[in-house]
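Please keep the sequence and the model in view while reading.

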Amino acid sequence: MSTTETRSITRELKLHAMLLGGFVALLWAIELLDFLIFRGSLDALGIRPRTASGLVGIALAPLLHGGFAHLAANTVPFLALGWLIMLRRTTDLVLVTLLSALVGGLGVWLVGAPSSVHVGASGVIFGYFGFLLLRGWFERSAVSIALSLVVGLVYGGMIWGVLPSRMGISWEGHLFGFLGGVLAARLLARRLRARPADAVQGRPLARRPRG
């Protein structure tokens, strides 16, 4: 491996660390402010199903958590699954995050229990899980299939989180976040197939000489 390639990989890894670490730091800062200053009242800004004010929670809910234990439980899978998504393209994380948050949030708003409030990044995390688990199916490449198998083996137990389990757990957010990640896998695979092979590999396309 050349020095240029090593430097490029190092820069990419630093970018990954900055993006994921920065977002996690933001989540912990918000939870700390909520604990010290707002005394937990920020959680009221989460998703309230079928209410006009609850629509704002679709954007805010992934940033809010019901305590430090809740946030700590989400931090490790967020970092691990988020980094696996960025291994191929850093920009993939943006689309997967947005679709997981949007589909997950709308799903919760539509079918969530009345008078409930939903907060937490777990819907986005389940979106990451759904994306990585199904990407191999949609792309049909050896690398993506191998990664899907690894994610299934390591995190396969998460799939039970999309079913109603116990009180206080937003299985609706898990389910619809997962579906948002699956949708992202399908859209990105379709875009990947639409590109010429040389463009995907980063090589300039040869042009035919004009007659």
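This is a predicted model: local features need pLDDT of at least 70, side-chain atom pairs count only at pLDDT 80 or more; totals for chains, interfaces and linings use all residues.

Which residues of helix 6 are buried? They are Ser144, Leu147, Ser148 and Val151. Viewed down the axis of helix 6, these buried residues fall within an arc of 105°, and they therefore line one face of the helix. The face of helix 6 that is turned away from the buried side carries Ala142, Leu149 and Leu153, which are exposed.

The cover over the buried residues of helix 6 includes helix 3, residues 68–86, and helix 5, residues 122–139. The second of these pairings may be described in greater detail. Two packed helices are described by the angle between their axes and the distance between the axes. For helix 5 and helix 6, the angle is about 145° and the axes lie 8 Å apart. The crossing of helix 5 and helix 6 is left-handed. On the side of helix 5, the residues that meet helix 6 are Phe129, Leu132, Leu133, Leu134, Arg135, Gly136 and Glu139. Helix 6 contributes Ser144, Ile145, Leu147, Ser148, Val151, Gly152 and Tyr155 to this meeting.

Attention now turns to a loop. Thr90 is located between helix 3 and helix 4, the latter spanning residues 92–111. Is Thr90 buried or exposed? Its relative accessible area is 15%, under the 20% limit, and Thr90 is therefore buried. When its neighbours within four places in sequence are left aside, Thr90 is in contact with Glu12, Leu15, His16 and Leu19. With one of these residues, His16, the side chain of Thr90 makes a polar contact, side chain to side chain, at 3.2 Å.

The chain as a whole may now be considered. It has eight helices and zero strands, and its pattern along the sequence reads α-α-α-α-α-α-α-α. Along its principal axes, the C-alpha trace spans about 70 × 40 × 35 Å. Of the 211 residues in the chain, 39% are buried. Among contacts between residues at least 6 apart in sequence, 76% join residues at least 24 apart.

Methods:
Residues are numbered from 1 along each chain as its sequence is written. Side-chain values use heavy atoms; hydrogens and water are left out. Buried means under 20% relative accessible area, exposed over 50%, partly exposed in between (1.4 Å probe, protein chains only). Helices (H or I, at least four residues) and strands (E, at least two) are DSSP runs, numbered from the N terminus. The arc is that of the directions from the helix axis to the C-beta atoms. Contact means heavy atoms within 4.5 Å. A polar contact is a pair of N or O atoms within 3.5 Å; within protein, one must be able to donate a hydrogen and the other to accept it, and residues adjacent in sequence count only if both atoms are side-chain atoms. Axes are lines fitted to C-alpha atoms, for helices over the stretch in contact, and angles run from 0 to 180 degrees between N-to-C directions. A crossing is left-handed if the near helix is turned anticlockwise from the far one by less than a right angle, and right-handed if clockwise.
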